[in-house]
Amino acid sequence: MRLRVSIGVGLAAVVALAGCGSDPVPKSGTGKADTAAQTKQTRAAKLAAAAKVKANELGQVPVLMFHRVIRNPTTTDDRTPEQFRADLERLARDGYVPVTAAEFVTGKMDIPAGTHPVVLTFDDSSPSQVTLDEVGVPKADTAVAILREVAARHPGFRPVATFYVTRDMFGKATPEEQAQTLLWLKQNGFDIGNHTRDHVNLRGKSKQEVEEQIGSIAQQIGALAYVKPVTLALPYGNQPSHKEWAARGKLGNVSYDHSGVFLAGYTPAASPFSRSFDPLGIPRIRAMDKKGDCAQFCSTAWLDWLKNNPDMRYTSDGDVTTVAFPKFKDPFLRTTYKTRALPY
């Protein structure tokens with residue numbers, strides 16, 4: 001009898017101890033359900049945010065092509081410092097944010113919601129684009145100095161651009177001076193691209209000649225600035241007999257592999273997330289006013305058109321991990337981006 005009482009008391013104590021202050025055992029699957037609900041809620045918030053700014057990351061992107069920025073233009077491709085300032089001020093007013101060519105072709109355009117990417121490209125590595133003074137500061141009225149000046153007046157307007165270099169290398173003769181300029185660009189967030197060694201028209205050239213022109217300047221850039229260009233701008237916009245030669249090739253023990261090849265055309269570029277995006281033939285727009293042929297096919301005209309047709313323009317949702325767009329545009333999405341799609 002005593003033994004039974006002892007056992008009963010012991011069991012009661014164990015039961016009481018086990019229940020005191022302990023949490024109830026969760027039902028199987030509750031954690032997964034909570035995670036699924038949270039994921040659904042997060043996606044709904046992203047969809048609402050994308051819809052609010054009318055995000056369209058399948059829209060077109062202006063890739064602007066500049067050459068020299070000089071006081072007294074001698075060709076239609078030149079811009080005066082005043083014209084270049086006006087170009088940038090207009091972009092800032094219209095809600096554009098500069099991204100590099102490398103960021104564009106790889107789909108890594110991390111810009112605020114409701115804004116539009118623009119790619120600023122400079123061909124031929126002219127001293128008017130970047131020249132440093134004796135203390136390493138860009139000289140007044142050079143392209144980089146003006147870009148940084150405008151960006152300082154417009155918070156959020158990134159002072160970035162892509163410079164397509166040739167052997168002229170901003171007018172610098174010695175490797176030390178060339179390295180100084182390229183490293184300054186690299187350290188200040190600018191993008192360095194390939195424009196062939198001698199600015200040669202690649203149309204009709206043999207594969208060996210193409211690889212020599214592209215590979216040799218790639219070697220020079222790599223040796224001076226430890227940079228491997230992500231993109232190439234074709235001189236005169238002319239592709240070689242096989243356009244793949246411009247994207248991939250080898251010279252000696254150095255290979256090049258470009259994620260994007262730019263032309264010198266006159267239309268905005270397709271979004272890198274769009275089915276119509278051709279990484280081996282990306283059009284650019286000449287930076288010019290509405291005059292002559294440019295009344296329809298240069299930068300001022302195209303920026304006007306994009307402003308008047310906002311549904312055709314790339315508008316960011318502010319989230320670099322997603323590709324947001326109105327549902328009816330779903331057929332235009334590249335299949336490789338299905339997992340990032342955010343149709344609303």
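Visitor: Which residues does UniProt list for "domain: NodB homology"?

Guide: An unreviewed UniProt entry lists residues 115-246, and such annotations may be inferred rather than shown by experiment. This is a predicted model, where local features need pLDDT of at least 70 and side-chain atom pairs count only at pLDDT 80 or more, while totals for chains, interfaces and linings use all residues. Residues are numbered from 1 along each chain, and side-chain values use heavy atoms, leaving out hydrogens and water. The span 115-246 is 35% helix and 14% strand.

Visitor: What makes residues 175-187 count as helix α6?

Guide: Helices are DSSP runs of H or I with at least four residues, numbered from the N terminus. Helix α6 has 13 residues.

Visitor: How do you know what span to expect for α6?

Guide: The rule is 1.5 Å times one less than the number of residues. For α6 that expected value is 18 Å, and the helix reaches 18 Å from its first C-alpha to its last.

Visitor: Which residues of α6 are called buried?

Guide: Buried means under 20% relative accessible area, with a 1.4 Å probe and protein chains only. In α6, this holds for Q178, A179, T181, L182, W184 and L185.

Visitor: Why are α6 and α7 described as roughly perpendicular?

Guide: Their angle is about 80°, with the axes 8 Å apart. Axes are lines fitted to C-alpha atoms over the stretch in contact, and angles run from 0 to 180 degrees between N-to-C directions. Angles of 65 to 115 degrees count as roughly perpendicular, so α6 and α7 are given that description.

Visitor: Which residues of α7 make the contact?

Guide: Contact means heavy atoms within 4.5 Å, and on α7 the residues are Q220, L224 and A225.

Conventions
Helix = DSSP H or I, 4+ residues; strand = E, 2+ residues; numbered from the N terminus. Buried < 20%, exposed > 50% of the residue type's maximum accessible area, 1.4 Å probe, protein only. Parallel < 35°, antiparallel > 145°, perpendicular 65-115°, else oblique.
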